[in-house]
Amino acid sequence: MGAIVDTYPIDDSYALFLWIGTPVQIAFVQMDLGSPITWTQCDPCSNCYPMQRSPFNTKESSTFRELGCYSETCLDPRMKELLGNCTSWTCRYNVNYGKESSSFGTMVIDTLNFERSNNELKEFIMGCGDSYEGPYRAQLSGVLGLGRGPLSLQSQLNAKAFSFCLVNFGSQTASTLEFYDRAPQIDKHGLGNNSIIMVPLRENSGYPNYYFLQFVGISINGFMLDVKSSVWGYGLNYDGGVILDIGSIATYLPSEAYNVFKLEIQKVDHNLTREHAHEDLELCYKDDSFNVYPSIALHFENGNVAGENFVSFNMNNDQTLLRVDEGTVCLSFVEGKDSNLTVIGSNQLQGTQLMIDLVKEILIFTHNKC
């Protein structure tokens, strides 16, 4: 194992403490599988969002330095979209998270330490945020970049794999984010009883920071939805595809898929008492201990060459339902009206360990591992 750090559920996402600088200052950052860089708000700050913690004080760290416009990092063609607006001496970044929020700042280098292991990354490249747009939580200092790309934390650690477990929301138990010098062996017994499934990953040039999954479809009560494979990103539909977003609580389906999903649910929910929609959540019900909710499963291509062609991720009620009010629950599936992407959210992944093998390009789900 290369490095290990504790992680914590925070509202509808997951976060951890980073030890940065010399002497160490602590930042509390949200994990993000699509962010190409790690950043934290820093002093001096012209337009920082309000935080419960103090920003990282760059003047107090003896190992801190800024990256220049003509540094190797800033001139890397793979980072052109992120760092391409360098017009002054310092290397500036501009990172967007969907259409809702952005962070702007300077690329810097400092020392990164891990509380639970003896690893030290002396030349850790990160962003020092000094302005922003959109909503951010006051308890968070910034974002931990776990997306694809040379500046993600796993890339800077030269990790061959990394894993994390998404404990149930409201849990008082911490879990861990772990980085591996070598990809761990997979439990063959777990593969045999479907408690572990392996899914191939692929890249999409339109979204270079994301890990795309080879997705087959969704079933309700054992019946596959009649949705064209191109909606899930097959064929020449490069605008589409399926990703994980542990910073989004619900699963977002493209309109074409969501309309089929909603229609099929309404065919089988007659034993439930329907309630009014809650914001974007349309399929809501009066909760009752005697309710029998539809069984929903996600289906993927099998990344284990010795197995069947497809594997299934069968979800329990905690993974398909959100309690929105006292006595009211909603299915945590939403229409993604402005995107062709299918985004699998954190509610569907509660209680699941996710391991990304960066060498074999495989995502490994392990049920009830947290």
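Mentor: The structure holds four disulfides. Keep in mind that this is a predicted model.

Start with C45 and C48. A disulfide joins them, with 1.6 Å from S to S. The torsion about their S-S bond is about 105°, so this disulfide is right-handed. Now look at exposure. Buried means under 20% relative accessible area, and exposed means over 50%. C45 has 25%, so C45 is partly exposed. C48 has 22% and is partly exposed too.

Next, C74 and C91. Their sulfurs lie 2.2 Å apart in a disulfide. The link is right-handed, with 95° about the S-S bond. C74 sits in the loop between β6 (65-66) and α1 (80-83), while C91 sits in the loop between α1 and β7 (92-97). The pair therefore ties together parts that are 17 residues apart in sequence. C74 has 8% relative accessibility, so it counts as buried. C91 has 0% and also counts as buried.

Now go to C284 and C330. This disulfide has an S to S distance of 2.0 Å. It links distant parts of the chain, 46 residues apart. C284 belongs to strand β20 (residues 284-286), and C330 belongs to strand β24 (residues 328-331). The S-S bond shows 100°, and the link is right-handed. C284 counts as buried, at 2% relative accessibility. C330 is buried as well, with a relative accessible area of 0%.

How values were computed:
Residues are numbered from 1 along each chain as its sequence is written. This is a predicted model: local features need pLDDT of at least 70, side-chain atom pairs count only at pLDDT 80 or more; totals for chains, interfaces and linings use all residues. Side-chain values use heavy atoms; hydrogens and water are left out. A disulfide is a pair of cysteine sulfur atoms within 2.5 Å. Buried means under 20% relative accessible area, exposed over 50%, partly exposed in between (1.4 Å probe, protein chains only). Helices (H or I, at least four residues) and strands (E, at least two) are DSSP runs, numbered from the N terminus.
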